[in-house]
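I opened the file and kept a notebook as I went. The entries follow the order in which I looked things up.

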Amino acid sequence: MKYLIASDLHGSEFYTGQLLKAFTREQADRLIFLGDILYHGPRNDLPQGYNPKAVIAMLNPMADRILCVRGNCEAEVDQMVLDFPVLADYALMEVNSHLLFLTHGHIFNEEHPPKLMPGDILLHGHTHIPVCHTFGAENQFLLMNPGSVSIPKAGSDHSYMTLEETTFTWKRLEDGHELQVHTV
């Protein structure tokens, strides 16, 4: 199974369109969102093509292929208009005997990690900056962040990542160019 992992759409119809093109290009089976789908929040400028209603119309037809966790910009009203669950603070998956803890990053993050076992992977968005590094007292955990689809920060590209079997690949949104590869 191939997953496309993305975070921080922030209501951009333009970048949601690019993401769905990437989803087709990648021939992914499922789309994992790490939160902040519809709204931009008070700390961010409006992204290009800001249109939450259009984003709803673009994502609802693929509801059966979407797994989403709640970002700091999600609210109960979002669940009323989206056909897939968006209010869970985290989700768990297993990849090659590693627990993958999926969250947005505003509650659980490197400074405030969930309870993890050595070898577990914390995957979150929120910072809008792609990351892949170990952390913890003895570097026993792995932190990964796909960056932001619509509002990248720190000079990073508009990006997403894929997970296929045991390989995570960070890619530039516009053309799928590989930026980084990590195998677990």
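**Entry 1: ground rules**

I am working with a predicted model, where local features need pLDDT of at least 70, side-chain atom pairs count only at pLDDT 80 or more, and totals for chains, interfaces and linings use all residues. Residues are numbered from 1 along each chain as its sequence is written, and side-chain values use heavy atoms, with hydrogens and water left out.

**Entry 2: the whole chain**

How many helices and strands does the protein chain have? I found three helices and eleven strands. Helices (H or I, at least four residues) and strands (E, at least two) are DSSP runs, numbered from the N terminus. Reading from the N terminus, I wrote down β-α-β-α-β-α-β-β-β-β-β-β-β-β. The radius of gyration, taken over C-alpha atoms, is 15 Å, close to the 16 Å from the globule rule (2.2 Å times the number of residues to the power 0.38), so the chain is as compact as a globular protein of 184 residues.

I then looked up the box. Along the principal axes, the C-alpha atoms fill roughly 45 × 35 × 30 Å.

Next came burial. Buried means under 20% relative accessible area, exposed means over 50%, and partly exposed lies in between (1.4 Å probe, protein chains only). Of the 184 residues, 52% count as buried. The chain exposes about 8,600 Å² by the Shrake-Rupley method with a 1.4 Å probe. Carbon and sulfur atoms supply 50% of that area.

I also checked contacts, meaning heavy atoms within 4.5 Å. Among those between residues at least 6 apart in sequence, 55% join residues at least 24 apart.

**Entry 3: the six-stranded sheet**

Strands of a sheet pair through backbone hydrogen bonds, either parallel or antiparallel. Here, two strands pair if DSSP finds at least two bridges between them. I traced an open sheet of six strands in the order β3-β2-β1-β9-β10-β11, with mixed pairing. Its edge strands are β3 (66–68) and β11 (178–183), and each pairs on one side only. Neighbouring strands are turned by 20° against each other on average, direction ignored. For angles, axes are lines fitted to C-alpha atoms, for helices over the stretch in contact, and values run from 0 to 180 degrees between N-to-C directions.

I zoomed in on one pair. Strands β1 (residues 2–6) and β9 (residues 159–164) run antiparallel and are joined by four bridges. Leu4 stands opposite Thr162 in β9.

Which strands does α1 lie across? I listed β1, β2, β9 and β10 (167–172). The helix runs at about 160° to β1.

**Entry 4: the five-stranded sheet**

I found another open sheet, with five strands in the order β4-β5-β6-β8-β7 and mixed pairing. β4 (90–95) and β7 stand at the edges with a single partner strand each, so one side of each has no neighbour in the sheet. The twist averages 20° from one strand to the next.

I followed β6 on both sides. Four bridges join it to β5 (residues 98–103), and the two run parallel. Thr103 stands opposite His124 in β6. β6 also pairs with β8 (residues 141–145) in the parallel sense, over three bridges. There, Leu122 stands opposite Leu143 in β8.

In a regular strand the side chains alternate between the two faces of the sheet. In β6, Ile121 and Leu123 point one way, while Leu122 and His124 point the other way. I noted that all four are buried.

**Entry 5: positive phi**

Most residues other than glycine have a negative phi. I looked up two with positive values. Gln27 has a phi near 55°. It lies in the loop between α1 (13–26) and β2 (30–33). His128 has a phi near 70°. This histidine lies in the loop between β6 (121–124) and β7 (131–135).

Is each of them buried or exposed? Gln27 is exposed, at 65% relative accessible area. His128 is buried, at 1%.

**Entry 6: cysteines**

How many disulfides does the structure hold? I counted zero, taking a disulfide as a pair of cysteine sulfur atoms within 2.5 Å. Cys68 is in no disulfide, and its nearest cysteine sulfur, that of Cys73, is 12 Å away. That distance is too far for a bond. Cys68 is buried at 5% relative accessibility. Cys73 is buried as well, at 15%.
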